[in-house]
Every structure is written in C-alpha cells, then in structure tokens.
Amino acid sequence: MSPRLRVPTAQPRPIPRSLWRGFRQLCPACGIGASMEGYLGVRGACAHCGEKLGHIKADDGPAYFTVLVAGHVTVPLVLAAEQAWHPHMAVLMVAALSGLGLLIWRLLPRMKGAVLALMWALGLKGDEVQGDVEGHG
Ligand SMILES: [Zn+2]
C-alpha cells in the first residue's frame, strides 16, 4: 500500500457535503480524488483515499434528475423568449434544442457524480430489492 493511500475509517457521511463533492465529480469521501473517469464512467476506487465506488450502480437516476433540471431551466426560458421577442418558431426550436442539448451534455456527468455520492452517503449499492405491498420479495 502506498503511503498516500489512507484506509477509510468509519466516518460520517453528510448528504449535502457528499452531494456537492459528487456534483463536482470528486470522491464523496475525501473530496480530493476523482469519482468519475471519461464521460460517465465510475472509478473503481478513489485514487487519493482508496474509497471503493465502482460497485455503486446509479442506473437511471442521473438521467432522471438531468431531464428534471434541464426541463425546468429550458421551458421557462423558451416561454420568456417567446413572450419577449416573438421569434420565428424554427429559430426558437433550434435555439431551445441546442441549449437543451448543451445543458444535458454538461449536466449528466455531474448528476451521475451527485447520485453516486448520494448513494454512497446512504450506504446504497443500487442492487437493493424492494418488497411488494404484501411484503413478498
Ligand atoms: Zn477519496
């Protein structure tokens, strides 16, 4: 083990701090090492503190929150632009869809980091099974 690598101990996992670190695509445990690699890849473990992250499966959570935020940003802007300037529909659609695409492109990896960090803070791995209403499963 390298001297830089610290063994993670039982530490508090505050959700706001973890979310902020995750949104910046940093390790939720130390806030120094990267939690992501490439565009949407999750590192197996933090290069700084060694916290294991690769086992956490965020599934559709990041896409859901990305669309939720991007939609709530884009739609009011489109409506405001329509009210203010009455642009041609084609111009408005090209501008809105370009902005939406750009926002989604920039937001999705950050949302993935945030969801990953939230799951880490809550001790979830993404393979938890929910029982049905009658308590089976
Ligand atoms: Zn770390």
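Trainee: What makes Q25 count as partly exposed?
Mentor: In this predicted model, Q25 has 18 C-beta neighbours inside 10 Å. A buried residue needs 20 or more, and an exposed one has 12 or fewer. The value of 18 falls in between, so Q25 is partly exposed.

Trainee: Where is Q25 found, and what is its phi?
Mentor: Q25 sits in the loop between α1 and β1, just after α1. Its phi is positive, about 60°, although Q25 is not a glycine.

Trainee: Is H86 buried or exposed, and how do you know?
Mentor: H86 has 9 other C-beta atoms within 10 Å. The limit for exposed is 12 or fewer, so H86 is exposed. H86 lies in the loop between α2 and α3. H86 is not a glycine either, yet it has a positive phi of about 45°.

Trainee: Which elements does the chain have, and in what pattern?
Mentor: There are three helices and two strands. Along the sequence they run α-β-β-α-α. Of the 137 residues, 19% are buried.

Trainee: Which residues of α1 are buried?
Mentor: In α1, residues 15-23, the buried ones are S18, R21 and G22.

Trainee: What makes you say that they line one face of the helix?
Mentor: Viewed down the axis of α1, the buried residues stay within an arc of 100°, so they line one face. The background is that an α-helix has 3.6 residues a turn, so residues three or four places apart point the same way. The buried residues of α1 pack against α3.

Trainee: Why is α1 called roughly antiparallel to α3?
Mentor: The two helices pack at an angle of about 150°, with their axes 7 Å apart. Angles over 145 degrees count as roughly antiparallel, so α1 is roughly antiparallel to α3. On the α1 side, the contact includes I15, S18 and L19. On the α3 side, it includes R110, G113 and W120. The crossing of α1 and α3 is right-handed.

Trainee: How do you know how α2 and α3 run relative to each other?
Mentor: Their axes cross at roughly 150° and come within 8 Å. The cut-off of 145 degrees is passed, and α2 and α3 are therefore roughly antiparallel to each other. Residues of α2 in this contact include G61, F65, V69 and V73. Those of α3 include L92, A96, L103 and V115. The crossing of α2 past α3 is right-handed.

Trainee: Which residues of α3 are buried, and what covers them?
Mentor: The buried residues of α3 include M111, G113, V115, L118 and W120. Their cover includes α1, β1, β2 and α2.

Trainee: Where in α3 does the kink lie?
Mentor: The kink is at L107, shortly before the proline P109, and amounts to about 35°. L107 is also among the α3 residues in contact with α2.

Trainee: What follows α3?
Mentor: G123 follows, with a positive phi near 75°.

Trainee: How many of the contacts between residues at least 6 apart in sequence join residues at least 24 apart?
Mentor: The share in this chain is 57%.

Definitions and conventions. Residues are numbered from 1 along each chain as its sequence is written. This is a predicted model: local features need pLDDT of at least 70, side-chain atom pairs count only at pLDDT 80 or more; totals for chains, interfaces and linings use all residues. Helices (H or I, at least four residues) and strands (E, at least two) are DSSP runs, numbered from the N terminus. Two residues are in contact if their C-beta atoms, placed from the backbone, lie within 7 Å. The arc is that of the directions from the helix axis to the C-beta atoms. The bend at a residue is the angle between axes fitted to the seven residues ending there and the seven starting there. Axes are lines fitted to C-alpha atoms, for helices over the stretch in contact, and angles run from 0 to 180 degrees between N-to-C directions. Angles under 35 degrees count as roughly parallel, over 145 as roughly antiparallel, 65 to 115 as roughly perpendicular and the rest as oblique. A crossing is left-handed if the near helix is turned anticlockwise from the far one by less than a right angle, and right-handed if clockwise.
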